[in-house]
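Here is a short report on a two-chain model.

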Amino acid sequence: MNTVLDLISWICLLAGGTVIIIGAVGINRFPDFFTRLHAASVIDTLGCMLIILGLIFQAGLSIVSIKLVLIVFFILFTTPTAAHALAKAAIHGKIKPVLSNSGEQTSKSS
Amino acid sequence: MFIAAMTAVLVAMSLALCRVILGPTIYDRILAINVFGTITVLFIAVFGFLTGRPEFLDIAIVYALISFIVTIAILKFFEYGDMGRGGADRDEMDI
């Protein structure tokens, strides 16, 4: 039983680390502010939840896992608020999303 | 296995710092700092488990709250140019 819990925890930690690195590469590679916001949201939700789920499987039922669940609740409530405020401030700050040339041509021809 | 998660977290932190330095607009930098704060919470949690002292989770909880407040405060400053704005003309400006 302990081995099974360790295995699940390791899978969660490795998947969370992979998702976090994918999101960080996306922040550097995407061409636009709003697409970078999408990549940052991937880190804030899926990567954070997977790593803390792996730590919960390591901790077992104790006060430590309650604190970990509390961290997940804080992050799940605060990061969408921060992302919404960022997008709203960028719209107010006259940041235009980058559209592709092919999309503009099809919209003109149609 | 905690070492692998710690390595992933450190690589992601350095990539987020690259965007903080390179970012063309101020909003890119604030976005990268927000992501950096979230990854720092994970770093503190994983570091507590790595060294066998899960008491570090209290610091992680406090850091999560302060990181959110810092993001909102910096955004408010750069959106309105002022931290203390009166309640008269904030009809559609609420966060």
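## Aromatic pairs

Over all chains of this predicted model, a search of the whole structure finds 7 aromatic pairs. Rings of Phe, Tyr and Trp (its six-membered ring) pair if their centres lie within 6.5 Å; planes under 30 degrees apart count as stacked, over 60 as edge-to-face and the rest as tilted. One pair joins B:Phe2 and B:Phe49: the ring centres are 6.0 Å apart and the planes stand at 50°, so this pair is tilted. The pair links distant parts of the chain, with B:Phe2 in helix α1 of chain B and B:Phe49 in helix α2 of chain B, 47 residues apart. Helices here are DSSP runs (H or I, at least four residues), as are strands (E, at least two), numbered from the N terminus.

Both B:Phe2 and B:Phe49 are buried. Buried means under 20% relative accessible area, exposed over 50%, and partly exposed in between (1.4 Å probe, protein chains only). Elsewhere, A:Phe33, A:Phe34 and B:Tyr27 form one aromatic cluster.

## Basis of the values

Local features need pLDDT of at least 70 and side-chain atom pairs count only at pLDDT 80 or more, while totals for chains, interfaces and linings use all residues. Residues are numbered from 1 along each chain as its sequence is written, chains are lettered from A and ligands numbered from 1 in the order in which they are written, and side-chain values use heavy atoms, with hydrogens and water left out.

## Nonpolar core

The largest nonpolar core has 47 residues. Such a core is a set of buried Ala, Val, Leu, Ile, Met, Phe, Trp, Tyr and Cys residues joined through side-chain atoms within 4.5 Å. Helices α1 (2–29), α2 (33–59) and α3 of chain A each give two or more residues, as do α1 (2–22), α2 and α3 (56–80) of chain B. The most comes from α2(B), with 11 residues.

A:Leu55 and A:Ile71 have the most contacts inside the core. Residues up to four places away in sequence aside, A:Leu55 touches A:Leu13, A:Leu68, B:Phe2, B:Ala45, B:Val46 and B:Phe49. Contact means heavy atoms within 4.5 Å.

## Helix packing

Between the chains, the axes of α3 (residues 63–92) of chain A and α2 (residues 26–50) of chain B come within 10 Å and cross at roughly 175°. The two helices are therefore roughly antiparallel (over 145 degrees). Residues making this contact include A:Leu68, A:Ile71 and A:Ile75 of α3(A), and B:Ile30, B:Leu31 and B:Thr38 of α2(B). By class, the contact has 13 nonpolar, 3 polar and no charged residues.

Within chain A, α2(A) and α3(A) pack at an angle of about 175°, with axes 10 Å apart. They too are therefore roughly antiparallel. This contact has 21 nonpolar, 3 polar and 1 charged residues.

## Chain B

Chain B has 3 helices and 0 strands. Of its 95 residues, 39% count as buried. Among contacts in chain B between residues at least 6 apart in sequence, 47% join residues at least 24 apart.

B:Thr38 sits in helix α2 of chain B. Its relative accessible area is 5%, so B:Thr38 is buried. Beyond its neighbours within four places in sequence, B:Thr38 contacts A:Asp44, A:Ile75 and A:Thr79.

A:Ser9 lies in helix α1 of chain A. A:Ser9 is buried, at 0% relative accessibility. Not counting residues up to four places away in sequence, A:Ser9 touches A:Gly54, A:Phe57 and A:Gln58.

Methods
Axes fitted to C-alpha atoms, helices over the stretch in contact; angles between N-to-C directions. Parallel < 35°, antiparallel > 145°, perpendicular 65-115°, else oblique. Nonpolar A, V, L, I, M, F, W, Y, C, P; charged D, E, K, R; others polar.
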